[in-house]
Amino acid sequence: MEQRSAIKFCVRNGISAAETLRMCQKAYGDGALSQARVFAWHRMFKEGRESVQDEPRAGRPSTSTDVIHVQKIRDLVLENRRLTVRDLTDLVGISEGSVKTILSDHLGLRKVKARLVPKSLNFLEKQRRVDVSETMLSDYQNRMKNIITGDETPPYSPDLASDFWLFSKLKRPLRGHRFETIEEIKEKTTSELRAIPTDDYAACFENWKKRWHSCIATGGDYFEGDDTNVDE
């Protein structure tokens, strides 16, 4: 509750969500709320929420999965697909079991690569994933630019997305730094990119190619990890 009150104080004083997160991390260290939860509470207080308490839980478990809670979770997930069950439990004020039921049974979602995605893909969505993977493999060199920017990634495809390796490489050295200008961000980011060994980039793209093969081998269905055995 203390951190929620701190977030509310920041909102009242016109402090941005990003700066609020930085202040919470500085004040509470490892005990700070996650970025997703800080941003979500910041948004709710900005939209007029007053209470820092959890919403009263319904007396019967079935009411926790009513249309109101389903809509709340749907809105939160649409805003940030990286929210965890624990995050949603905290933000909506219902049990983890109810959150899981809503995600699975009401919204048809499940976790893939730490993101909430449709539980089942239809035929056209699967075929789209296969088509993109085959195109990438057949014209690999010419499509490198689009691969890096993620322009070729099909919808609902975190297992094929472009941020599975490079973004984590950048987040670690940049975490905790405060930049005054956009130019400072560009300079630091460029410096970190150039510091990554060429062999690391090569290994990354080889793993990416394996993911395209995995997508084709599974007929466009979701897959986890980079170790799917396929014949290239």
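## Salt bridges

In this predicted model, E192 and K188 both belong to helix α10 (residues 182–195), where they sit 4 residues apart, about one turn of the helix. Their side chains meet in a salt bridge, at 3.0 Å from N to O. E192 counts as buried because its relative accessibility is 18%, under the 20% cut-off. K188, with a relative accessible area of 26%, is partly exposed.

Salt bridges that share partners also join R4, R37, D87 and D90 into one network. The structure holds 11 salt bridges. Among them is the pair of K8 and E50, whose closest N and O atoms are 3.3 Å apart. K8 lies in helix α1 (residues 2–12) and E50 in the loop between α3 (35–46) and α4 (67–79), so this pair ties together parts that are 42 residues apart in sequence. K8 counts as buried at 19% relative accessibility, whereas E50, at 46%, counts as partly exposed.

R43 forms a further salt bridge, with E47 as its partner. R43 is partly exposed, at 22% relative accessibility. E47 counts as exposed because its relative accessibility is 59%, over the 50% cut-off.

| Salt bridge | N to O distance |
|---|---|
| K8 and E50 | 3.3 Å |
| R43 and E47 | 3.1 Å |
| E192 and K188 | 3.0 Å |

Side chains of opposite charge can pair when their charged atoms come close.

Notes:
Residues are numbered from 1 along each chain as its sequence is written. This is a predicted model: local features need pLDDT of at least 70, side-chain atom pairs count only at pLDDT 80 or more; totals for chains, interfaces and linings use all residues. Side-chain values use heavy atoms; hydrogens and water are left out. A salt bridge is a side-chain nitrogen of Lys or Arg within 4 Å of a carboxyl oxygen of Asp or Glu. Helices (H or I, at least four residues) and strands (E, at least two) are DSSP runs, numbered from the N terminus. Buried means under 20% relative accessible area, exposed over 50%, partly exposed in between (1.4 Å probe, protein chains only).
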